[in-house]
Amino acid sequence: MAKENKRLRKKKREVLVSLFFFLPFHHRLALDNWLRGRKEAREIRQADVVIVSPPKCGRTWVRVLLSRFFQICHGLPDDRLLGFDNYHRLCPAVPKIRFTHDKYVSDYTGEGDTKRTFYDKKVILLVRDPRDVVVSNYFQWIITINPFKKKARRVPDDPKSVPLYDFFLDPELGVRKTIRFLNAWESELPKTKDCLIVRYEDLKADTEAVLKRMLSFMALAYSEEQVRAAVDYASFENMRALEKSNTFDSGSRRLAAKNPDDASALKVRRGKVGGYRDYFSNEEIAHIDGLVEAQLSPIYGYTRRSHDLPAA
């Protein structure tokens, strides 16, 4: 029922936006963003925990980890992923967890780069080296199908004709966009009630330890066996198999392959730390690294300046 209601709400939003077909595209896009932001802001206010991240930082991986943990602990169905409150309605012991890329809230609230909507929330900020983020974003960008999204994301008719390096340096699509996101959150962190920064690289290096940190942050009890089972289930190999088979929710878009035969089109694509270096020349890498070094806040640990910060 909840899934049907969600689909209905989405359909209503799409129909409402389509009714204004006579307006310029940027007005229809603004309306779509406002409607998305209204829903997102409402659910964030109701949530017990909010998990915020730029795209391509391991959000689906964290969702599968937590989904499996709650399935094991509370005997929940293993064919659906954790959503905002779907597990909570089945078992009140599961907190309401809202995952967000923080893309639309300010379109509704008008708060700009401030994170006022999040101030009184327990926030897990999931981050990743922005250089790896942008490469992963590029492969997602070139397979965008929805015509409305293609126009909103400035996807040309032949996106593969756009060199990855050009995409990387684009001020609205590339690494500067991710840097702006991370820097905006860095300046607002002191104002949040309680925040835990989780780095994708740390999750990759010791998944069990980071999962325990997240569970403890959410004040959830766990056993070693429960954590280990969740980590084993969310392994790279098993998640790729789950995506290819469209295991969850009869093909939930959260982990459903658009083209199972195209490895570059999968959400579980590579997950390699520092993998961006495989796609650029030495000169391009030097330029990329210099740009990140100059512009990104050091608190995330992705710049040489990070080594000068006091230990957390």
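Contact here means heavy atoms within 4.5 Å. Keep that cut-off in mind for the helix packing on this tour. The model is predicted.

**Stop 1: the sheet.** Select the four strands of the open sheet. Their order is E2-E1-E3-E4, and the pairing is parallel. Now look at the two edges. Strand E2 (97-100) and strand E4 (194-199) each have a single partner strand, so one side of each is left without a neighbour in the sheet. Neighbouring strands are turned by 20 degrees against each other on average, direction ignored.

**Stop 2: E1 and E2.** Select residues 49-52, which form strand E1. E1 pairs with E2 in the parallel sense over four bridges. Which residue of E2 stands opposite valine 50? Arginine 98 does.

**Stop 3: helix H11.** Move to residues 207-217. Helix H11 lies across strand E3 (122-127) and E4. H11 runs at about 170 degrees to E4.

Which residues of H11 are buried? Select Thr207, Val210, Leu211, Lys212, Met214, Leu215 and Phe217 to see them. An α-helix has 3.6 residues a turn, so residues three or four places apart point the same way.

Now show what covers the buried residues of H11. The cover includes strands E3 and E4. It also includes helix H3 (59-74), helix H10 (200-205) and helix H12 (224-233).

**Last stop: alanine 219.** Step just past the end of H11. Alanine 219 takes a positive phi of about 60 degrees there.

Notes. Residues numbered from 1 in each chain as written. Predicted model: local features only at pLDDT ≥ 70, side-chain atom pairs only at ≥ 80, totals over all residues. Heavy atoms only, no water. Pairing = 2+ DSSP bridges. Axes fitted to C-alpha atoms, helices over the stretch in contact; angles between N-to-C directions. Buried < 20%, exposed > 50% of the residue type's maximum accessible area, 1.4 Å probe, protein only.
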